[in-house]
Amino acid sequence: MALRLLSSRRRLGSIVLSYRSPLASLHSHATSFGFQQVKEEEKSKLVSNVFTNVASSYDIMNDVMSAGLHRLWKERLVGKLSPFAGMKHLDVAGGTGDVAFRIFDAVNSVKRRALRKVDEASIEETQIYVCDINPNMLNVGKQRAAERGLSDNRSLVWVEGDAEALSFDDDSMDGYTIAFGIRNVTHIEKALAEAYRVLKRGGRFLCLELSHVDIPVFKELYDLYSFQVIPNLGELIAGDRDSYQYLVESVRRFPPQERFAKMIGDAGFEKVEYENLVGGVVAIHSAIKL
Amino acid sequence: MYRTAAKRLLGAGLTTSRLLRSPKLTSSTIIPSSHTSNLCTSSMSNTESPISNQSGPTSAGEGPRRKPRPEFQEEQARVLSASLRHVARLGWTEEAMMAGSRDVGVSPSIVGSFSRKEAALVEHFMDECLQLLVDRVDSGLDLQNLIPSERISKLVRVRLEMQVPYISKWPQALSIQAHPVNVPTSFKQRAMLVDEMWHSVGDGASDLDWYVKRTVLGGVYSTTEIYMLTDDSPAEYRETWEFLDDRVKDAFDLKKSIQEAKYFAQDIGAGVGKSFQGLMNGVMQTMSTRGGRSSSAF
């Protein structure tokens, strides 16, 4: 017990120093579970528990917490991606399939097909891989696909995998999206490096994530909402206060927009840009591999 | 004016189109560190990849080396140039750009990152044509033996002939340029084009005349461009060139007639002034002689 206290105090000391160097602050992300300090090896297990618990009510909670806005944000993400028929796309941490379904619809919509000269063969070739580390989330996604009548469709492929160690080949993807998932990985730079590896030349990386708000009054309101309202909603609707406490804390611990953009650039991407939505509550970072 | 300023700022050998293609910032943009070296190595970009292949085996001992990363603008320019080959078939559309990107060996996803997609293709074409025009003029397009109106005619004709391969899809390009979002850029490109033409003709005016000349030439150019769209004349747009010559003549006559109108107005003003003065003198005389009878001072 005393030993544990000692070790946590030492870690606290290293945390104070860590804010001076970017490498150490990455380390701090790897060892943070919300505002708690945890061992690196434990973090992924803890995150996994969170998502196993919330999987079934994930979509409802998204709607309630963001007042339905998360749909608009995902629409904007897919709009920015500009999917085309015949593309190979990877959606990481996309368990319940929100982004994947939108991409599928964008490529296959009848209106789009009528307006543009697309041949059937390239629509057949479209492959959308949905990768998630948590099988429960994937099951919810497969269920939703079945509800839409897409369970036999060869375009949607559900894969279990880790964002830090993808099972896909180098230079195989035209697009890579990660929506509300990157703050849950233990080592962000590894996930970015993997994204760089699997993308083809000219392929795009898009990341939709909750981010930092700087606008004076709005920031206070947002903090109030996050820390007072959301855990209570979690308790009410999902019966799980702790998971949603983790969620709001992990948002605060994630690097701010500029720093995350720099990390993306360090991974080798070009033309790194970000767009703030709702004053910074959500940010879409985009980049290209060249 | 733009051209001389550009030459001063960027040095010879660089195109004025670089000024137009500076990235537009949305909320925030990170500029890659190799951006500043872009201006110096733009001409080397095409030779970069073969060089890197050759240096691969010799650098094996240094550990994993990243191949030199082309600047995004270079890649975009390359994709757009390749896309132009597909425009005649597919129009000024994303499909043409995706086909172009496949030609260059890049994933079609890159097209999704171009701002105002089709407009990017059209604007790239306009820049390239302007550059071609500048090159043609520099490499000795024969303008010395012609009078100014004929020089202008020739320049406009040279420029419009560049559009002939795309003429079937040019109305689409015009409509893209007329989009409110795209108007600022297309207006700027046309202004540069017209300025370039007057510069080549050897015009050095810098007063109000400067604006008048460019506006008039802009009008002549646009009307000829549109006339060309419906011209079916057998011998390579003969009717368009006749139309062009007439309009240029009108423009020069207009200039002359404005000048003449000015002189005419001055003359009339002088005449009226003189006759008014004469009248006043007469009145004064009469008054003074009448008054003179009663006074002996005058």
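Student: What do the side chains of B:Glu242 and B:Arg238 form?
Tutor: A salt bridge, at 4.0 Å from N to O. Keep in mind that this is a predicted model.

Student: Where do the two lie?
Tutor: Both are in helix α12 of chain B, residues 238-294, and they sit 4 residues apart, about one turn of the helix. B:Glu242 is partly exposed at 42% relative accessible area, and B:Arg238 is partly exposed with 42%.

Student: How far apart are the closest N and O atoms of B:Glu75 and B:Arg78?
Tutor: 3.8 Å, in a salt bridge. These two are 3 residues apart in helix α5 (residues 72-90) of chain B, so about one helical turn separates them.

Student: Is B:Glu75 buried or exposed?
Tutor: Buried, with a relative accessible area of 0%. B:Arg78 is partly exposed, at 27%.

Student: And chain A, what links A:Lys262 and A:Asp266?
Tutor: A salt bridge between their side chains, 3.3 Å from N to O. They are 4 residues apart in helix α13 (residues 257-266) of chain A, which means a separation of about one helical turn. A:Lys262 counts as exposed because its relative accessibility is 51%; A:Asp266 also has 51% and counts as exposed.

Student: How many salt bridges over all chains?
Tutor: 27. A:Asp59, A:Lys74, A:Asp98 and A:Arg144 are linked in a network of them.

Student: Changing topic: which domains does the assignment give for chain A?
Tutor: Domain 1 is 47-66 plus 213-253, and domain 2 is 68-210 plus 255-289. Their centres, taken over C-alpha atoms, are 23 Å apart.

Student: How much area do domain 1 and domain 2 of chain A bury between them?
Tutor: About 1700 Å², with 52% of it on carbon and sulfur atoms. A:Asp59, A:Asp63 and A:Ser66 supply 27% of what domain 1 of chain A buries against domain 2, more than any other three residues. In terms of contacts, 20 residues of domain 1 touch 22 residues of domain 2 in chain A.

Student: What is the count of salt bridges between those domains?
Tutor: 2. A:Asp63 also forms a salt bridge with A:Arg71, where the closest N and O atoms are 2.5 Å apart. Polar contacts across the domain 1 and domain 2 interface of chain A come to 12 residue pairs.

Student: Which helices supply at least two residues of the domain 1 side?
Tutor: In chain A, α3 (40-54), α4 (58-66), α11 (216-238) and α12 (241-253) each do. The residues on that side divide into 11 nonpolar, 5 polar and 4 charged.

How values were computed. Residues are numbered from 1 along each chain as its sequence is written. Chains are lettered from A and ligands numbered from 1 in the order in which they are written. This is a predicted model: local features need pLDDT of at least 70, side-chain atom pairs count only at pLDDT 80 or more; totals for chains, interfaces and linings use all residues. Side-chain values use heavy atoms; hydrogens and water are left out. Buried means under 20% relative accessible area, exposed over 50%, partly exposed in between (1.4 Å probe, protein chains only). Domain bounds come from an automatic or database domain assignment. Contact means heavy atoms within 4.5 Å. Buried area is the accessible area (1.4 Å probe) that two parts lose on being put together, summed over both. A polar contact is a pair of N or O atoms within 3.5 Å; within protein, one must be able to donate a hydrogen and the other to accept it, and residues adjacent in sequence count only if both atoms are side-chain atoms. Ala, Val, Leu, Ile, Met, Phe, Trp, Tyr, Cys and Pro count as nonpolar, Asp, Glu, Lys and Arg as charged, and the others, Gly among them, as polar.
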